[in-house]
Amino acid sequence: MILDHVQIAGPPGCEDDARRFFGALLGLEEIEKPEPMQASGGVWFRLGKQELHIGIEDPFAPARKAHPGLRAAPDELDAIAARLTDANAPVEWDNRNPGVRRFYTSDPFGNRLEILAS
């Protein structure tokens, strides 16, 4: 087996904020949801061969511990952290995993994300 996609939740009406954060800020490519699934809202992004799905949950509660880990090229990690900082998103560096540079951030809805390079 291989990982096909990860889904995290967002509140109703979050699609534009998700596009700005995951698309414009993190540089992920948006992909179209299948027609029968579009009515439920949300937005999908491609990450290499895998996908990140933002699904709508009502009532919504952010995932503050569970999180996707997004791998960046080593020479891109600092630039991503700078873009997030400039956009007033949190950037919390963590050096507890030897040989891996990483930080945690949160999407506009409070979901935890790990950005890493090794």
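What share of the contacts in the chain with a separation of 6 or more comes from residues 24 or more positions apart? In this predicted model, such residues account for 55% of those contacts.

Let me begin with the overall architecture. The chain contains two helices and eight strands, and from the N terminus on the order of elements is β-α-β-β-β-β-α-β-β-β. The radius of gyration is 14 Å, close to the 13 Å that the globule rule gives for 118 residues, so the chain is as compact as a globular protein of that length. The C-alpha trace spans about 45 × 35 × 25 Å along its principal axes.

Of the 118 residues, 40% are buried. The chain exposes about 7200 Å², and carbon and sulfur atoms supply 51% of that area. As for charge, there are 13 positive and 19 negative charges, whose mean positions lie 7 Å apart.

Strand β6, residues 92-94, runs antiparallel to strand β7, residues 101-106, and three bridges join them. Across this pairing, W93 stands opposite F103 of β7. The hairpin of β6 and β7 has six residues between the strands, and in it G99 takes a positive phi near 85°.

On to the next pairing: β7 also pairs with strand β8, residues 112-117, in the antiparallel sense, over six bridges. Here R102 stands opposite L116 in β8. Five residues lie between the strands in the hairpin of β7 and β8, where G110 takes a positive phi near 95°.

Conventions. Residues are numbered from 1 along each chain as its sequence is written. This is a predicted model: local features need pLDDT of at least 70, side-chain atom pairs count only at pLDDT 80 or more; totals for chains, interfaces and linings use all residues. Side-chain values use heavy atoms; hydrogens and water are left out. Two strands pair if DSSP finds at least two bridges between them. Helices (H or I, at least four residues) and strands (E, at least two) are DSSP runs, numbered from the N terminus. The radius of gyration is taken over C-alpha atoms; the globule rule is 2.2 Å times the number of residues to the power 0.38. Buried means under 20% relative accessible area, exposed over 50%, partly exposed in between (1.4 Å probe, protein chains only). Contact means heavy atoms within 4.5 Å. Accessible areas come from the Shrake-Rupley method with a 1.4 Å probe; for residues, only the protein chains shown count as cover. Lys and Arg count as positive and Asp and Glu as negative; His and the chain ends are not counted. The place of a charge is taken as NZ of Lys, CZ of Arg, CG of Asp or CD of Glu.
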